[in-house]
Amino acid sequence: MNELLKFFSSQQIDTPVLIFLLIFSEGIALFYTLIFNGLYNIDIRPKYLFFITHPLLVVIAYLVRPGWALLIVSLLFVSIFLIGVIGMVISIFRSSKENKETDKRFNDKYQTPKKGKFQRSIQSIGVFGFLIIGFWLYSEGKLSLLLLIIPLIFILDSIFFPTSRTRFYKLQAILPTSKMNAVAMGLVEVAGDLIELEPLISPHFQTPCIGYSIRIEQRRRDKDGNTTWSNIFSERKTSTFRIKDETGSVLVNGDGLDYYIQRVDKEVESGDKRYYETYLKNDDYLLLIGKATSNNGETLIQKDDHHGVFGVAFPHEVAIKNKFTPLYKSFFTTLFFITLIIIYIIIS
């Protein structure tokens, strides 16, 4: 330290060099102002504070000992990196805290469900098991069998674990459409206009409706700067309503009602999130499948726990799907058998 002081004390600073150091200190003052405003969120008052203090320190040091003016400028220059690194660390912690608070407010507002430990465990076991099978086939020199196992898994999944959407359209294809005055007890399909009884208010757009389906997506960027959107929250909620045709109306308990609807009524992008809401509205003409029961002598349609089907869709969208579904099935069946032939050739 003494040697450093001796070095700077021995430096001869003339007027042109002093002027250069003063100008250089003004540049350092600019970096100070930007760092404190940007990283520390400190509003410097007055704005020109560092532009006065830095040259003043240089002048005072020069008057004490001319070479110390160079020492002060050197220390100020090095301090830029020090306060910059500290500011970045503080900014990261502050940003992390703000993000946690924002996420907490979001989770409190929408009651976002957390994935259960059992579900995570099953998924982890499945992935781990698949990797083990892959390594085993690789060690046996039969890795090509994965080309047969993977499509087989998808087929078994679609057969033994059909989605509620699949079950809905399968039943819709075989169920006759009942008139409201002739609804039999059990699984039924009806079509008619909705009648609002107990309006709900949607969570984001605050829209009155019979029922709503909300989906929230969050923007994510990878290391290459590419943007993707992932679903972070979805919810459907439906109140009790009636559905009517020309013969009459029946009561519907909306708990657990699924929406097979392509329409998006409102959407907005806010910050790093996108919000979509679809509504069931008064006078919407919809097709509904559910379980008809008797409620004090009145017909009530609700969720069928046995078949796991309770949903609504627009009749024209159902008609389009029914028209093109056979073509899709034929195409994918043909593609599947062609794939099997190719796999057999590769394995052989």
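This is a walk through the structure, stop by stop, with something to select at each one.

Before you start: the model is predicted, so local features need pLDDT of at least 70 and side-chain atom pairs count only at pLDDT 80 or more, while totals for chains, interfaces and linings use all residues. Residues are numbered from 1 along each chain as its sequence is written, and side-chain values use heavy atoms, with hydrogens and water left out.

**Stop 1: the largest nonpolar core**

Select Ile243, Leu257, Leu280, Leu288, Ile301 and Val312. Within the largest nonpolar core, which has 21 residues, these touch the most other members. (A nonpolar core here is a set of buried Ala, Val, Leu, Ile, Met, Phe, Trp, Tyr and Cys residues joined through side-chain atoms within 4.5 Å; buried means under 20% relative accessible area, exposed means over 50%, and partly exposed is in between, using a 1.4 Å probe and protein chains only.) Now colour strands E2 (186-196), E7 (241-245), E8 (248-252) and E12 (285-295): these are the elements that give two or more residues to this core. (Helices, H or I of at least four residues, and strands, E of at least two, are DSSP runs numbered from the N terminus.) In soluble globular proteins, nonpolar side chains tend to be buried together.

Zoom in on Leu257. Leaving out residues up to four places away in sequence, Leu257 touches Arg236, Thr238, Phe241, Leu280, Leu288, Phe310, Gly311 and Val312. (Contact means heavy atoms within 4.5 Å.) Apart from this core lies another, of 17 residues; Phe36, Phe50, Val58 and Val73 are among them.

**Stop 2: salt bridges**

How many salt bridges does a search of the whole structure find? It finds twelve. (A salt bridge is a side-chain nitrogen of Lys or Arg within 4 Å of a carboxyl oxygen of Asp or Glu.) Side chains of opposite charge can pair when their charged atoms come close.

Arg236 forms a salt bridge with Asp258, with the closest N and O atoms 2.8 Å apart. The pair links distant parts of the chain, 22 residues apart: Arg236 is in strand E6 (residues 227-238) and Asp258 in strand E9 (residues 258-259). Check the surface view too: Arg236 is partly exposed at 45%, whereas Asp258 is buried at 12%.

Next, select Lys179 and Glu246, whose side chains meet in a salt bridge at 2.6 Å, N to O. Lys179 sits in the loop between strand E1 (177-178) and E2, and Glu246 in the loop between E7 and E8, 67 residues apart. Glu246 is exposed at 63%, while Lys179 is partly exposed at 42%.

**Stop 3: a buried Glu**

Go to helix H8 (residues 315-347) and pick out Glu317. Glu317 is buried yet has no salt bridge; the nearest side chain of opposite charge is Arg165, 7.4 Å away. (Lys and Arg count as positive, Asp and Glu as negative; His and the chain ends are not counted.) What does Glu317 touch, not counting residues up to four places away in sequence? The answer is Tyr260, Ile261, Gln262 and Arg263.

**Stop 4: an open sheet**

Show E6, E5, E11 and E10. These four strands form an open sheet in the order E6-E5-E11-E10, with antiparallel pairing. (Two strands pair if DSSP finds at least two bridges between them.) E6 and E10 (266-270) are at the edges with a single partner strand each, so one side of each is left without a neighbour in the sheet. E10 and E11 (residues 273-280) pair over five bridges.

**Stop 5**

Most residues other than glycine have a negative phi, and most peptide bonds are trans. Select Arg45 and Pro46: the peptide bond from Arg45 to Pro46 is cis, with omega near -5°. Pro46 lies in the loop between helix H2 (15-38) and helix H3 (49-64). That loop between H2 and H3 also holds Asn41. Asn41 has a positive phi of about 55° although it is not a glycine, and Asn41 is exposed at 51%.

Last, jump to Asp283 in the loop between E11 and E12. The phi of Asp283 is positive, near 75°, and at 52% relative accessibility Asp283 counts as exposed.

Terms used
Lys and Arg count as positive and Asp and Glu as negative; His and the chain ends are not counted.
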